[in-house]
Amino acid sequence: EDDAKRMYRAYKHRLGTPASEDQLIYEEKDERFDLSMGRTRSGDYLFLMSQSHTTSEGRYLSAKDPDGTWKILAPRIADQEYDMEQRGEFFYIRVNDKGRNFRLVKAPLTAPDRGNWQEVIPHRADVMLEGMDAFSTHYTLTEREGGLPRLRIVDFDSGGSQQIPFPEAVYDAQPGINEEFATGKFRYSYQSLVTPSSVFDYDIAKGESKLLKQQEVPGGYDPARYQSERVLAPAPDGTRVPVSLVYRKGLVRDGRAPLLLEAYGSYGYPYSVSFSSARLSLLDRGVVCAYAHIRGGGDFGKRWHDDGRMLKKRNTFTDFIACAEFLVAEKFTSKKRLAITGGSAGGLLMGAVVNMRPDLFHAVVSHVPFVDVLNTMLDETLPLTVGEFEEWGNPKKREEYLYMKSYSPYDNLRRTRYPAMLVKTSLNDSQVMYWEPAKYVAKLRSLKTDKNPLLLKVNMAAGHGGSSGRYDHLREVAFDYAFLLNAFGIVE
């Protein structure tokens, strides 16, 4: 990696020789791109991928010829992304050249250039093709439709497919670790807001799933005590934004329940719901937990991301505000009982929405928040900056500078009342430097006109993800919950 923590060089090391003799395979000159390397499940090929947020280029080499020449599968074209798998005499390529949600093509190993691509699965406007994994007799597809993931298995010879069924309306399912190339089973993970994280093997011939392991929840956890659902909140432009909720059964929707609303909304990452045993501490005290699947994320594919990045980034913030207003209007909670939380780019979200609607929220927990957008994006020596010109914009361009300035949390603080706030950062964070939240809090203290708590908590040992030890992490969660429960008036 370079000084900005970008993977930019790939080397070949021969076992038993000094590292000084390693051979440089490839150096990526464009600072927007990162390198990654892998081996196909068949073991036949090595892949070297060069990827930015919007464009990719792949190289391949036969694993039987480690001293051979790496070849480009398809030269990079701006705003086109692809990745590849291999099985038999073909490369299988997931590419978004014909539509933002990707299609699947195959190409012969001997001539894989674009002119020889044969379509296997066409682009679908309402289905995001998130991934493809090749095995000896079949391939699996990770897709997303209606804001939810699905897993499909397709037979190479017959073309017949089967979809793994899932029992709940709100859930997350992902491929597991499937290292074996010749296998009749597919391992996947499943969880929901109510169901603990679970690992299954799917028997392809029988069409049956077998539970291998499920997260243990000490203390006699009974999922029947809790309920999850998904509602749709109307955004200002008419877009309907999903919100996933979980709460203890028996909830009375009279506006008196405390509610914690969380979101992220960047980089095209779907906000996948997950199980949390720690969250039971809130649910059992009557707190409703809600998760907004706002634009800027990838819950509905690339279109959902495109509508919440660059010069459309404000949609992310107005979506979140619309979700909060909807939950109040539907009497899940009230303004005086509504708390919000987010981290990193989700911390940018917290700062932006609090500036836009400080009256709407009662309390805020902001983790390692990216709040000084302009100064950070103007400093190209920092990690992530150049690569993220394709997510936020380049402030050296006038239009993009002015747009970022219109929402940058630090630059839009003003003299008014703000909610109670807990802002957390880490001294060794290489992604959001500690001085961003520190200067944000200092400026906010000089401007806010209320007497609500404004706390800055610095983890002097951790990085971007907070403490890595299991118990240290739980102590951090407990601190957040203590702040929230105090703000809700549940405990002091």
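In the legends below, Ala, Val, Leu, Ile, Met, Phe, Trp, Tyr, Cys and Pro count as nonpolar, Asp, Glu, Lys and Arg as charged, and the others, Gly among them, as polar. Every view is taken from a predicted model.

**View A. The largest cavity and its lining.** The structure holds one cavity of 30 Å³ or more, and the volume of the largest cavity comes to about 30 Å³. Its lining is made by L193, V194, Y221, Y226, V246, F275, S276, R279, L280 and L283, which divide by class into eight nonpolar residues, one polar and one charged. S276 is the polar residue of this lining and R279 the charged one.

View B. At least two lining residues each come from strand 21 (259-262), strand 22 (288-292), strand 23 (338-343), strand 24 (363-367), strand 25 (420-426), strand 26 (454-459) and helix 8 (470-488). Helix 8 gives the most, with six residues. Taken by class, the lining has 16 nonpolar, 16 polar and six charged residues.

**View C. The largest nonpolar core around L261.** This core has 89 residues, and L245, L261 and F320 are those with the most contacts inside it. When neighbours within four places in sequence are left aside, L261 is in contact with V243, A290, Y291, A292, F320, A324, L327, L338, A339, I340 and T341. Another core, of 15 residues, lies apart from the largest one and includes Y60, A74, M84 and V105.

View D. Across the whole structure, a search finds 26 aromatic pairs. F166 and Y190 form one that is stacked, with 5.4 Å from centre to centre and 20° between the planes. This pair joins distant parts of the chain, 24 residues apart, with F166 in the loop between strand 14 (161-163) and strand 15 (172-175) and Y190 in strand 16 (residues 185-191). F166 and Y190 are both buried. In the pair of Y434 and W435, by contrast, the ring centres are 5.3 Å apart and the planes stand at 75°, so this pair is edge-to-face. Y434 is partly exposed at a relative accessible area of 36%, and W435, at 40% relative accessibility, also counts as partly exposed.

**View E. The buried loop residue V432.** V432 has its place in the loop between strand 25 and helix 7 (435-447). Its relative accessible area is 2%, and V432 is therefore buried, since that term covers values under 20%. Not counting residues up to four places away in sequence, V432 touches S344, V368, P369, F370, P437 and H464.

**View F. The exposed loop residue E179.** E179 is found in the loop between strand 15 and strand 16. With a relative accessibility of 64%, E179 counts as exposed, because the term applies over 50%. The C-alpha atoms of E179 and G268 are separated by 27 Å, and the two residues are 89 residues apart along the chain.

Key: Residues numbered from 1 in each chain as written. Predicted model: local features only at pLDDT ≥ 70, side-chain atom pairs only at ≥ 80, totals over all residues. Heavy atoms only, no water. Helix = DSSP H or I, 4+ residues; strand = E, 2+ residues; numbered from the N terminus. Core = buried A, V, L, I, M, F, W, Y, C linked by side-chain atoms within 4.5 Å. Buried < 20%, exposed > 50% of the residue type's maximum accessible area, 1.4 Å probe, protein only. Contact = heavy atoms within 4.5 Å. Phe/Tyr/Trp six-rings, centres within 6.5 Å; stacked < 30°, edge-to-face > 60°. 1 Å grid on protein atoms, 1.4 Å probe; cavity = no way out; pocket = protein on both sides within 12 Å on 5 of 7 lines; lining within 4 Å. Points joined across faces, edges and corners; volume = space filled by probe spheres on them.
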